[in-house]
Amino acid sequence: VGIRPNIYFTIGFSEVDADEHPEWQMVDRDGNSKMGQIMGAVQARGNPMINKAAAQQYFGSIAYWRYLCVSHSEYVDQLKAQLKELIVRFNHPGLWLDIILQSLCVCDNCRQEMLGMGLDPENDGHIAIHGRKVEIRFFKEITAYIEELAPGTDVYINGFGQKMDLQDKPDLSSARKVDSVSLFDIESLPSM
């Protein structure tokens, strides 16, 4: 019937990797791990579709994930090895790569990169610019790697590539992220 299911693969969240490689974690200026939840409290409060009682119960819990930073070449190498295993073992038509958000990270690696680019790791605007550059670089690198391993593989990268922010800077626009995908997917979760 023409359905081409994709393999789902998470990038950006891995508690095992966060424990084994704390240097791969995204951190804020105070050195604290950047953490994510399924849905932020502000987003949940503003969403008329969300079950308020369930959201209240959820946000009272300690459920979270630590974000991992894709500016670390060792982390990217590990991701490539894992993707290669999926591609070789399953020879699947497509990959759905989730949670690629380079969100205001100032880990040691990002700090050094920013300084090398003439950006100030204490300036929120510069941190955002660096984060977008890291995302775009990662998107290009990972999709080129997948194409090299399995030409014609469909790739969707779920990392808010549809956001049209930074349009006034074409080289940083979300359009540069979208350049790396071969299809668009609509994520529609019953909890959202």
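User: Hi! Which residues are linked with Arg29 in a network of salt bridges?
Analyst: Arg29, Arg111, Glu122 and Asp124 form that network. A salt bridge here is a side-chain nitrogen of Lys or Arg within 4 Å of a carboxyl oxygen of Asp or Glu. Please keep in mind that this is a predicted model, where local features need pLDDT of at least 70 and side-chain atom pairs count only at pLDDT 80 or more, while totals for chains, interfaces and linings use all residues. Residues are numbered from 1 along each chain as its sequence is written, and side-chain values use heavy atoms, with hydrogens and water left out.

User: Thanks. How far apart are N and O in the Glu122 and Arg29 salt bridge?
Analyst: The distance is 3.6 Å, N to O. Glu122 sits in the loop between helix 5 (108-116) and helix 6, and Arg29 in the loop between helix 1 (15-20) and strand 2 (35-36), so this pair ties together parts 93 residues apart in sequence. Helices (H or I, at least four residues) and strands (E, at least two) are DSSP runs, numbered from the N terminus.

User: And which residue forms a salt bridge with Arg111?
Analyst: Arg111 pairs with Glu122, with the closest N and O atoms 3.1 Å apart. Arg111 is in helix 5 and Glu122 in the loop between helix 5 and helix 6, so they tie together parts eleven residues apart in sequence.

User: Is Glu122 buried, partly exposed or exposed?
Analyst: Glu122 is partly exposed, at a relative accessible area of 46%. Arg29 is partly exposed at 36%, and Arg111 is partly exposed at 22%. The cut-offs are under 20% relative accessible area for buried, over 50% for exposed, and partly exposed in between (1.4 Å probe, protein chains only).

User: How many salt bridges does the whole structure have?
Analyst: The search finds nine. One of them joins Glu85 and Arg89, with the closest N and O atoms 3.1 Å apart. These two are four residues apart in helix 4, so about one helical turn separates them. Glu85 is partly exposed at 43%, whereas Arg89 is exposed at 62%.

User: Switching topic: which residues touch the most other members of the largest nonpolar core?
Analyst: Those are Ile11, Leu83, Leu97, Phe138 and Ile157, in a core of 25 residues. A nonpolar core means buried Ala, Val, Leu, Ile, Met, Phe, Trp, Tyr and Cys residues joined through side-chain atoms within 4.5 Å. Two or more residues each come from strand 1 (7-10), helix 4 (73-90), strand 4 (94-98), helix 6 (124-149) and strand 5 (154-158). Helix 4 gives the largest share, six residues. Another core, of 16 residues, lies apart from it and includes Phe13, Cys105, Met114 and Leu119.

User: Last one, Arg66: buried or exposed?
Analyst: Arg66 counts as buried, at 12% relative accessibility. Arg66 is part of strand 3 (residues 65-66).

User: What do its side-chain polar contacts look like, so which partners does Arg66 have?
Analyst: The Arg66 side chain has a polar contact of 2.7 Å with that of Glu15 and one of 2.8 Å with that of Asp19. A polar contact is a pair of N or O atoms within 3.5 Å; within protein, one must be able to donate a hydrogen and the other to accept it, and residues adjacent in sequence count only if both atoms are side-chain atoms.
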